[in-house]
Amino acid sequence: MDIKQLKFLIALDETRHFGQAAARCHITQPTLSMRLRSLEEELDLPLVNRGQRFEGFTAPGERVLAWARTVLAAYDGLYAEAAACRGSLVGTLRLGMVPLSSFDPLPLLQRLHGEHPNLRFELSALSSEQILEQLANNRLDLGVSYLERLDTEHFDSQAFSETRMGLLYDQRFFTFGEAPLSWESLIELPLGMLTSGMHFRQSIDHNFHSRGLTPQPLLQTDAVHQLLQAVHGGLCCAVMPLEGGLEGLTEHLRLQPIENAQTLGRLGLIMRRSAPRSALAEACFAIYQQSLIGA
């Protein structure tokens, strides 16, 4: 068994396709299949359900896959730890964020890249449940998610300030005064929203419903980029985090504060407690805490 076989196994899980997994690993599909069969023979276990295409993992395969992720995380962590001991960071920092987080990761990533140019970044938009799950199994180094019901026995966190909300609009199509907007004034506007069930949407609905208001969104989507495109095209306005940096995407976008507008839950930066814990995660967590002290 070697580390590459475990990487091939994980690539197959993430792509759910033999050809795509092989391409990701820069090998041919026959080579991928041969190396995985070799792993099965060595472990004396069937790991993959095979038909004309990938049909998932066997029950033993799922258990081996979990171990493979732990081993690979420890392997990558060893190299990152050695580099950290030399005063540098290498590898890929994997950060998962809930949609429409008030946390703008760009300043932190720019600082990390400036100090450690060999560091790479992987950002994923995930639900709060997915973030905790992937932190737990070492598929993520850090998460930006809601802290309610967070298991503090297994995760460290650094809370952000309360998320305030505003109305994002394109000034070529809409005009508002300088004063903060009321929720009552929003009800008459063409609104774009994330789909029901998403955490940020729940906070918007709560603010409306607690005032006896029922919004009728013109557009609903589970994709933030589509929502931004609709706002930029003048189709609608959208309630967004005030501190997310969205108004800086183009010269035409503006964010108008809304009176008494906060999300239901507090967001924070989250890192797993148990080993193996990424040296990249620890360094990033520490840098963020230092930035709070210097702010």
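Analyst: Let us begin with a term: buried means under 20% relative accessible area, exposed means over 50%, and partly exposed lies in between, using a 1.4 Å probe and protein chains only. The model is predicted, so local features need pLDDT of at least 70 and side-chain atom pairs count only at pLDDT 80 or more, while totals for chains, interfaces and linings use all residues. Residues are numbered from 1 along each chain as its sequence is written, and side-chain values use heavy atoms, with hydrogens and water left out.

Now to the pairs. Side chains of opposite charge can pair when their charged atoms come close. A salt bridge here is a side-chain nitrogen of Lys or Arg within 4 Å of a carboxyl oxygen of Asp or Glu, and the structure holds 11 of them.

One joins Asp13 to Arg16, with 2.6 Å between the closest N and O atoms. Asp13 counts as buried because its relative accessibility is 13%, whereas Arg16, at 39%, counts as partly exposed.

Another pairs Arg50 with Glu40, their closest N and O atoms being 3.1 Å apart. This pair links distant parts of the chain: Arg50 lies in strand E1 (residues 48–50) and Glu40 in helix H3 (residues 29–43), 10 residues apart. Helices (H or I, at least four residues) and strands (E, at least two) are DSSP runs, numbered from the N terminus. Arg50 is partly exposed at 27%, and Glu40 is buried at 10%.

A further salt bridge brings together the side chains of Arg172 and Asp170, 2.8 Å from N to O. Arg172 is partly exposed, with a relative accessible area of 44%, while Asp170 is buried at 0%. Through shared partners, salt bridges also join Asp13, Glu14, Arg16, Arg24 and Arg69 into one network.

Next, the helices. The axes of helix H1 (residues 3–15) and H3 come within 10 Å and cross at roughly 110 degrees; axes are lines fitted to C-alpha atoms, for helices over the stretch in contact, and angles run from 0 to 180 degrees between N-to-C directions. H1 is therefore roughly perpendicular to H3, a label given to angles of 65 to 115 degrees, with under 35 roughly parallel, over 145 roughly antiparallel and the rest oblique.

Which residues of H1 and H3 make the contact? H1 brings Gln5, Leu6, Phe8, Leu9 and Leu12, and H3 brings Leu32, Arg35, Leu36, Ser38, Leu39 and Glu42, where contact means heavy atoms within 4.5 Å.
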